[in-house]
Amino acid sequence: MESGIISAPAPAGRGTDNLRSANLSRILTLLHRNGQLSRADLTRLTGFNRSTIGALVGELAGMGLAYETDPPAGRVGRPSPLVHPNERVAAVVVHPDVDAVTVGLVGLGGRVHRRVRHDTVSRPSVAETVSITRAVLAGMAPDLAGMDRIAGVGVAVPGLTRTSDGQVLLAPHLGWRNEPLAAPLAEALALPVFAGNDATLGSVAESLFGAAVDTGNAVYLNGSASGIGGGIIVAGTPLRGADGYAGELGHTLVRSDGEQCHCGRRGCLETEVNLAGLLEVLGLDRADQDTLDAAMADQQTAAVRAEADRQLDQLAVALTNFVNIFNPDTIVLGGFLGTLFASNPGRLTDAVAAEAVAGLGERVQLRRAALRSELLLVGAAELAFAPVLAAPRPA
């Protein structure tokens with residue numbers, strides 16, 4: 001009898017099927033989040049015996065969700081085969097923003113196969129987002145044909161989004177209010193569609209595959225053309241709030257006499273720290289993550305340094321508040337906030353260390369998001385993969 005999630009003999013019939021499904025889910029989830037693992041690793045992580053692991057891996061391979069390769073040569077003893085998540089089981093991912101719609105293809109294990117940014121002349125409507133997504137996917141036909149299976153579509157929305165049905169309640173920078181998004185996309189693409197808040201999905205991605213993978217308590221901030229959003233991981237679980245909208249950290253007050261925010265207040269973090277200010281001093285109309293990184297590295301003028309330091313000082317006020325409130329192990333900065341942090345990391349780190357109460361700021365680690373331009377795509381893919389991971393063998 002194995003240990004782990006099996007603690008007693010299962011009843012025959014449906015109970016046995018449910019237990020088998022749970023065991024398959026556990027193995028596939030381990031592979032998805034850790035990448036390749038040997039059969040010996042899976043035995044150690046689950047407590048199942050070797051024959052059970054062999055049977056479960058064989059079943060996942062038969063469903064096209066995993067595959068095995070020979071162990072590396074030169075190992076002492078009898079090394080076990082390596083088991084991989086099938087990266088050709090993929091999700092289509094979409095990220096609408098005020099200046100572009102980005103469409104990608106992400107495989108199990110967080111493998112980004114393709115990313116296409118389609119710039120727009122103005123903020124896209126829901127109908128335009130659907131049309132652009134369909135057109136980009138038509139151009140990605142060879143990539144899609146190379147996949148074994150498309151699990152569904154995940155959408156990262158810069159706004160309040162109801163995950164149960166993909167309704168966007170409010171995305172102010174896009175001008176969307178009470179807009180159905182998942183339904184028209186599903187109709188256009190003939191695939192199941194799931195939508196969620198972009199910053200929340202970014203925090204999930206970094207906690208599974210990126211800079212917060214080794215911590216259970218983290219605050220994540222993402223900065224984009226649409227503003228700043230956040231996500232909070234508490235004891236390894238995303239903090240969602242009573243209505244599922246926790247994480248509106250961009251509306252933290254950092255300057256009482258600051259600029260007017262669209263929310264009606266003054267001095268919100270996202271009005272004082274913003275991509276537009278950086279683009280202006282860099283002489284750019286727009287920039288994706290990679291372009292912004294290059295521009296900030298190449299154009300270290302006095303004006304660029306002054307604006308970056310001004311924004312870092314305002315960001316420090318917000319981060320100090322988050323340290324005092326949430327006491328995280330780690331704060332992860334994504335999007336343009338990661339670029340901003342990289343421009344002068346000591347300035348931000350020293351300010352938070354000095355200003356947080358009880359020495360909490362000295363213990364927290366500030367990190368740049370590891371997934372960079374792939375961050376929101378990987379996060380959105382988790383929405384589409386969730387049903388597959390929960391039930392690899394459909395009922």
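Start by selecting S21: this residue is buried, with a relative accessible area of 15%. Keep in mind as you go that you're looking at a predicted model. Why does S21 count as buried? Because its relative accessible area of 15% falls under the 20% cut-off. S21 sits in helix α1, which covers residues 14-34. Now show its surroundings: leaving out residues up to four places away in sequence, S21 touches A390, A391, P392 and R393.

**Next stop: a hairpin**

Select residues 100-107, strand β5, together with residues 111-119, strand β6. These two pair in the antiparallel sense, over eight bridges. For one of the pairings, click A100 and look across to β6, where D119 is the bridge partner. Then go to the turn: three residues lie between the strands, and G109 takes a positive phi near 85 degrees.

**On to the sheet**

Here you'll find five strands in an open sheet, and their order is β14-β13-β12-β15-β16. The pairing in this sheet is mixed. Which strands are at the edges? They're β14 (237-238) and β16 (365-368), each pairing on one side only. Zoom in on β15, residues 330-335: this strand runs parallel to β16, and four bridges join the two. Pick L333 and you can find its bridge partner in β16, namely R368.

**Last stop: two helices**

Keep α11 (residues 302-326) in view and select α9, residues 275-282. Their axes come within 9 Å and cross at roughly 170 degrees. The two helices are therefore roughly antiparallel to each other. To see the contact itself, show G277, L278, V281 and L282 on the α9 side, with A303, V304, E307, A308 and Q311 on the α11 side. Colour these residues by type and you get six nonpolar, two polar and one charged.

Which of its residues are buried? That list is L275, G277, L278, L279 and L282. What covers them includes α11 again, along with β12, α10 (289-298) and α12 (336-343). Finally, step just past the end of α9 to G283, which takes a positive phi of about 75 degrees.

Conventions
Residues are numbered from 1 along each chain as its sequence is written. This is a predicted model: local features need pLDDT of at least 70, side-chain atom pairs count only at pLDDT 80 or more; totals for chains, interfaces and linings use all residues. Side-chain values use heavy atoms; hydrogens and water are left out. Axes are lines fitted to C-alpha atoms, for helices over the stretch in contact, and angles run from 0 to 180 degrees between N-to-C directions. Angles under 35 degrees count as roughly parallel, over 145 as roughly antiparallel, 65 to 115 as roughly perpendicular and the rest as oblique. Contact means heavy atoms within 4.5 Å. Ala, Val, Leu, Ile, Met, Phe, Trp, Tyr, Cys and Pro count as nonpolar, Asp, Glu, Lys and Arg as charged, and the others, Gly among them, as polar. Two strands pair if DSSP finds at least two bridges between them. Buried means under 20% relative accessible area, exposed over 50%, partly exposed in between (1.4 Å probe, protein chains only).
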